[in-house]
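Please read the following briefing alongside the sequence and the coordinates. The points are grouped by topic.

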Amino acid sequence: EFRRVLFRSAAAVDAVTVGARLDDPDQDRIGALEEQAGDLAYRIGARADAARWYGRRQRTLAAGSVALGRVMRKRGDVAAREGALAQSLRWYTRALGALAAAPPSAERESEEVEAVLARATSLHHEGRNRESEEQVLAVLERAEAIGGDRAAQALLHLATITALTVQPDGEPYASRARATIESLGDDFRRGCLELNLGAATVDANRPAPALERYATARAAFERCGDAEAAALAIHNTGECLATLGRDDEAVGCFEEASRRFRALGRTMGVHLATSGLGRAAAWRGETERALELLGAARDGFASFGQDAWRVDAELRIVEARLLAGDVHAGPDLDAAMAAVARLDDPGIMTVWGLRLRAALLARMGDARSADAQLRAAVELAGAQGQAVEEVAALEALLALDETGPRDADRLRRRRDELVATVGIARSLAL
């Protein structure tokens, strides 16, 4: 498949070159070939080339045309896959403006829906889940009326958001998305659905079942030839294994993911794998290496404008310092938690921050305040269904030994019940 696409891409480029040399070239035909060359370059991962071809095509298009909006949306897709989310959102906004100026047609309707769905995906990756969900819901009826890819993408998006934000009415979206994707025989979206539901399963702190979803996602991505998405599935498997305490397997996944991302030239993916390796090093007591890796990941995420991932790396740095007995991490923890408060959907970070604060207070000799922080963490984790974080907070509470025997027995029973359910091999308690 890769070779076939590569040959078609080369043929399109040759056609553009030959056409441009004719005495009376057909500019519309050349423009169409430029866009086709961009599409093929995008498919084989040559995103810089894709952006160049799309830029050439855009310069030839009149304002108020569907084609202009479509090419702008494709430029947003290139930016989004590179991790430049703010840039992608600007392109999607421009695309929607261009489409709004075009005459009404079925083509315009389809392109508008696709641009909204693409914009919603970038908003989701920025952690702006509420805004993202609202945008998809606003076009869901239109997407389902169009059917095919548009319906599959809208339902996939809603299945992802509702699962990640633990919404009780989200399962119908997952079922409808799966049925639509299966009817299309779409391995890429099949992989995306399993990958996203796997992430939601981990966020709900059920890491063991997530491993099967990630394996299914990886197989689907490899069948359709998406090497970058397959590498992401491997990375996510590593994060899942690390949560389960299977450190050697987790490190193997992070290293394999990093090799694949580097071979593909995908810097954002390398940062993800680096962060995973850094946290694994911290839990192994390799503090200097952990701080080096996590610092590199944090800076890399910041360079891409990935605030949620940057904050995650900052919390991992605080965690690494606390594991090494550093009691001077307070200012860094304060800064990280202020950033967590600004996120639309902080996920487990709020509970994680409470645990880190408790660990810091305990190391400074303030067991009573640490106890209060951990009880707040237990309550919040329980309310949000975050079992791994709840186990970590419960174990830290028991280790503090600030509670009476009856309360300790209650806490211990709750911990044992969760451990048996989740299948945790190693607690994240500090």
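Phe 221 counts as buried because its relative accessibility is 1%, where buried means under 20% relative accessible area, exposed over 50% and partly exposed in between, with a 1.4 Å probe and protein chains only. This is a predicted model, in which local features need pLDDT of at least 70 and side-chain atom pairs count only at pLDDT 80 or more, whereas totals for chains, interfaces and linings use all residues. Residues are numbered from 1 along each chain as its sequence is written, and side-chain values use heavy atoms, with hydrogens and water left out.

**Surroundings of Phe 221**

- Apart from neighbours within four places in sequence, Phe 221 is in contact (heavy atoms within 4.5 Å) with Phe 188, Gly 191, Cys 192, Leu 195, Asp 226, Ala 229 and Ala 230.
- The structure holds two aromatic pairs, a pair being rings of Phe, Tyr and Trp (its six-membered ring) whose centres lie within 6.5 Å, with planes under 30 degrees apart counted as stacked, over 60 as edge-to-face and the rest as tilted.
- Phe 188 and Phe 221 form one of these pairs, which is tilted, with 5.8 Å from centre to centre and 55° between the planes.
- Because Phe 188 lies in helix H10 (residues 187–203) and Phe 221 in helix H11 (residues 207–224), the pair ties together parts that are 33 residues apart in sequence; helices here are DSSP runs (H or I, at least four residues), numbered from the N terminus.
- Phe 188 has a relative accessible area of 31% and is therefore partly exposed.

**Helix H15 and Ala 290**

- Helix H15 (residues 287–303) has 17 residues and reaches 24 Å from its first C-alpha to its last, close to the 24 Å expected at 1.5 Å a residue, where the expected span is 1.5 Å times one less than the number of residues.
- The buried residues of H15 include Ala 290, Leu 293, Leu 294 and Phe 301, and what covers the buried residues of this helix includes helix H14 (267–283) and helix H16 (307–323).
- Ala 290, at 0% relative accessibility, counts as buried, and beyond residues up to four places away in sequence Ala 290 touches Gly 278, Ala 281, Ala 282 and Ala 320.
- Ala 290 and Ala 280 are ten residues apart in sequence, with 7.6 Å between their C-alpha atoms.
- Just after H15, Gly 305 takes a positive phi of about 70°.

**Helix H2**

- The 17 residues of helix H2 (residues 27–43) should span 24 Å at 1.5 Å a residue, and the end C-alpha atoms are 24 Å apart, which agrees.
- Buried residues of H2 include Ile 30, Leu 33, Glu 34, Glu 35 and Leu 40.
- Gly 45, which follows H2, has a positive phi near 90°.

**Asn 129**

- Asn 129 is placed in helix H7 (residues 129–146) and is buried, with a relative accessible area of 7%.
- Leaving aside neighbours within four places in sequence, Asn 129 is in contact with His 124, Ile 161, Thr 165, Asp 344 and Asp 345.

Definitions and conventions:
Helices (H or I, at least four residues) and strands (E, at least two) are DSSP runs, numbered from the N terminus.
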